[in-house]
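Subject: Structure for your review

Dear colleague,

Please find below the structure I promised to send to you. I would be grateful if you could read the notes after it with the structure open beside you.

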Amino acid sequence: MRKKLLLCIPFILGTAVSAQELPPPQQKPQELQQSTESQQYKQGNYHSILTVSGFAPLRDQRWNVGYMHQLNTRWWIGTEIAYGQKGMTPYNLGFEGDFKIFEVKPELYYSLNPNSRLKHFISAELSYLNHRSERTDAGYYDRSGQYYDFTSADFKRIRKGLSINYSILLHRESSWFGFMPKIGIGIAHRSITYRNVEGRDPSNEPLDVFPFFTQFDREQSGMRFMVNVDMKFIFKF
């Protein structure tokens, strides 16, 4: 009996060694990809981004601050809020009177290549803008096309829009700062009205040397195309 037991010991040890040398079971390609993406998402050192528009204070006479949050490896959600009034920006080009502007823009982002250092996004953006001002000693076109001079009037502009945008995140993984250029196209419904007009008198049409600056001098309501172009400063955390 003792001899049989001694003869079995080498066989048992050999079986244990062979079992230890067997390679681990291989994961399926789909499971491996999901595991890799999940691991990269968990190892990311930022999931939120604060944005500040570089164009809005100079071009749109308002300050624009936004926030983006990562939901998963592909999807981000964010919003931007802008506010401006006379004296808040370096200059007030084309915005007459004591004006106030408020704008909000919620946005949903889809990351085209989440594993890339340079993040490319396609996004859908809704926007709502409310612009009011008290204008004095100026003029406007009513809906019939007649031009009037006036001593004072309440100006109001409401715009509701939808745009599809492309943006790219330019940054270093080790840095908390970067840039985010953005471009897009969309449609918007714009309404411009003049109310409480005082001292209104028919007048000759002015010479529009710079038509862009006088686009708000005409009462109107309808759909229009719009273009989004911006350069944002980003702060990751």
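The notes that follow describe strand pairing, a surface patch and the aromatic side chains. Please bear in mind that this is a predicted model.

Strand pairing

On strand 7, residues 177–198, strand 6 has an antiparallel partner joined to it by 17 bridges. Here too the two strands form a hairpin, with five residues between them.

A nonpolar patch on the surface

Several residues, including Phe 55, Leu 112, Ile 164 and Val 227, form a nonpolar patch on the surface with about 800 Å² of accessible area together. Strand 6, strand 7 and strand 9 each supply at least two residues of this patch. Val 227 lies in strand 9. Is Val 227 buried or exposed? Its relative accessible area is 61%, so Val 227 counts as exposed, the cut-off being over 50%.

Aromatic side chains

A search of the whole structure finds 18 aromatic pairs. One of them joins Tyr 109 and Phe 121 edge-to-face, at 5.7 Å centre to centre and with 75° between the planes. Because Tyr 109 lies in strand 4 and Phe 121 in strand 5, the pair ties together parts that are 12 residues apart in sequence. Tyr 109 is buried at 5% relative accessibility, and Phe 121 is buried at 0%.

The rings of Phe 155 and Phe 216 have their centres 6.1 Å apart and their planes at 45°, so this pair is tilted. It links distant parts of the chain, 61 residues apart: Phe 155 is in strand 6, and Phe 216 is in the loop between strand 8 and strand 9. Both belong to one aromatic cluster, whose members include Tyr 140 and Tyr 194.

Finally, two charged residues deserve a look. The charged end of Arg 218 sits over the ring of Tyr 141, 4.0 Å from its centre, and Lys 236 lies over the face of Tyr 46, at 4.7 Å from the ring centre.

With kind regards

Terms used: Residues are numbered from 1 along each chain as its sequence is written. This is a predicted model: local features need pLDDT of at least 70, side-chain atom pairs count only at pLDDT 80 or more; totals for chains, interfaces and linings use all residues. Side-chain values use heavy atoms; hydrogens and water are left out. Two strands pair if DSSP finds at least two bridges between them. Helices (H or I, at least four residues) and strands (E, at least two) are DSSP runs, numbered from the N terminus. Patches are made of residues with over 30% relative accessible area and no salt bridge: like charges are joined within 9 Å, nonpolar side chains (Val, Leu, Ile, Met, Phe, Trp, Tyr) within 5 Å. Accessible areas come from the Shrake-Rupley method with a 1.4 Å probe; for residues, only the protein chains shown count as cover. A salt bridge is a side-chain nitrogen of Lys or Arg within 4 Å of a carboxyl oxygen of Asp or Glu. Buried means under 20% relative accessible area, exposed over 50%, partly exposed in between (1.4 Å probe, protein chains only). Rings of Phe, Tyr and Trp (its six-membered ring) pair if their centres lie within 6.5 Å; planes under 30 degrees apart count as stacked, over 60 as edge-to-face and the rest as tilted. A charge sits over a ring if NZ of Lys or CZ of Arg is within 6 Å of the ring centre and within 35 degrees of the ring normal.
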